[in-house]
Amino acid sequence: MEAKYKWINSLLAINKNDFSNFPDINWANFYTIDAHQTKRANLLQEIKTSPLFKATKPYLNQISEGCQICGAGKWSCLFITNKCNAKCFYCPAPQLNDEMPSTQGLDFSNPNEYADYINYFDFDGVSFSGGEPLLYFERVLEFLKILRQKCKPGLYIWMYTNGILADKAKLQALAELNLNEIRFDIGATNYRLDKVKLAKNIIPNITIEIPAVPEKKNLIIALIPEMVKSGVTNLNLHQLRLTHHNATKLIHRRYNIISEERPLVLDSEIAALEIIKEVQEAGFDIGINYCSFHFKNRFQKAGYRKTITKKIVPDSLLTENGFLREFDGNTLAYKSLKLFNKSLGSVDESIIDIEETAHSYKIVHQHTENNLSEEDADAIIKLIDNEPDEIPNDPFLFKIWQYEYIENGLRDL
């Protein structure tokens with residue numbers, strides 16, 4: 001898999017250059033990675049979870065309907081605000097200022113326009129995120145009310161919150177507008193469950209969604225019985241990610257950082273899997289999943305591309321990875337549809353643009369201006385017709401594979 005490893009090495013070079021102002025980052029070495037992969041393999045074998053989404057989302061018992069919709073790409077995440085009232089060390093962004101509600105680069109000051117957007121693309125789920133949505137509670141209610149009035153009855157809606165401003169009156173107001181699920185980040189409140197308990201018997205589905213912080217692993221395990229008593233149905237564990245905003249704090253904790261499409265905390269993955277193992281062995285009645293970076297990076301992006309493209313070009317040749325494929329036997333190109341306008345008062349296809357740029361229009365063969373050889377054409381057709389068991393080693397076919405398929409599993413390095 002030489003082509004894959006060369007690509008991974010290029011990611012490392014990009015990330016190290018991007019974070020060159022942080023010379024103390026503890027980049028994982030060969031021995032660290034090897035030990036991690038051995039331990040991860042053993043844990044996955046021991047816990048025997050049911051991995052979803054091409055083995056990128058190990059889970060136990062069940063996952064929430066919101067998570068299923070997310071993985072299918074039928075979900076819109078609306079950032080109600082970019083301002084937050086917590087100071088979590090792991091937060092990837094400053095979140096200091098309120099900004100207009102937005103999703104996928106589109107701003108929505110008017111909830112009616114947002115409802116039109118949801119209807120146009122026939123999303124099955126919506127989440128309210130931030131920042132902290134409860135800082136602008138009336139804004140949340142306004143959007144939630146309009147979505148319930150204008151969208152299909154089965155639209156699944158959930159909200160992320162740190163819970164600091166949560167009270168019974170707010171929770172009951174959300175329940176009256178049929179909020180299906182609420183997700184608490186208890187890491188923002190020193191892992192207290194008092195605000196979580198307020199939601200019991202008010203919001204139908206209660207989830208705790210937190211990063212898997214390695215040094216909090218034992219505390220999280222110890223809290224599981226109380227979570228269950230508090231009405232928590234699911235525990236979602238994320239992998240910590242290194243950003244320019246949180247780099248200094250993560251460096252201070254001496255985490256091992258691995259280079260993927262983004263820099264990730266290697267230790268966080270092991271913590272998440274160890275928590276799942278403990279829950280399995282104890283037999284707790286709670287759904288728990290590891291929401292890996294690979295799941296988010298692959299399935300959320302591919303799912304959104306598919307949703308957009310299927311609406312605009314319903315008869316297109318669409319790859320598993322959500323790209324529009326054009327192949328005439330001589331040339332091969334992949335395109336990605338992108339939103340560029342949101343004048344949704346009278347929705348039509350003018351809100352979509354095919355941007356033929358270096359980032360969204362890809363001709364993957366270096367000799368595309370010339371006819372492909374018969375051998376190359378046969379290799380392309382074989383690759384497109386059937387996903388190979390092994391990642392192609394040839395650089396040409398590897399690039400095509402990246403556009404065609406979603407990579408399987410938690411990546412070995």
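Me: Why is Asn15 called buried?

Reply: Asn15 has a relative accessible area of 5%. Buried means under 20% relative accessible area, exposed over 50% and partly exposed in between, with a 1.4 Å probe and protein chains only, so Asn15 counts as buried. The model is predicted: local features need pLDDT of at least 70, side-chain atom pairs count only at pLDDT 80 or more, and totals for chains, interfaces and linings use all residues. Residues are numbered from 1 along each chain as its sequence is written, and side-chain values use heavy atoms, with hydrogens and water left out.

Me: What makes the pair Asn15 and Ser259 a polar contact?

Reply: The side chains of Asn15 and Ser259 are joined at 2.6 Å. A polar contact is a pair of N or O atoms within 3.5 Å; within protein, one must be able to donate a hydrogen and the other to accept it, and residues adjacent in sequence count only if both atoms are side-chain atoms. The pair therefore qualifies as a polar contact.

Me: Which residues does Asn15 touch, not counting residues up to four places away in sequence?

Reply: Trp27, Ser259, Glu260, Glu261, Arg262 and Pro263. Contact means heavy atoms within 4.5 Å. Asn15 itself lies in helix H1, residues 2–18; helices (H or I, at least four residues) and strands (E, at least two) are DSSP runs, numbered from the N terminus.

Me: What makes the span of helix H12 close to the expected one?

Reply: H12 (residues 374–385) has 12 residues and reaches 16 Å from its first C-alpha to its last. The expected span is 1.5 Å times one less than the number of residues, which is given as 16 Å for H12.

Me: How do you know that the buried residues of H12 are on the same side?

Reply: In H12, Ala377, Ile380, Leu383 and Ile384 are buried. They cover an arc of only 130° around the axis, which puts them on the same side of H12; the arc is that of the directions from the helix axis to the C-beta atoms. On the other side, Glu374, Glu375, Lys382 and Asp385 are exposed. Cover for the buried residues includes strand S14 (324–327), strand S15 (332–335) and helix H13 (395–404).
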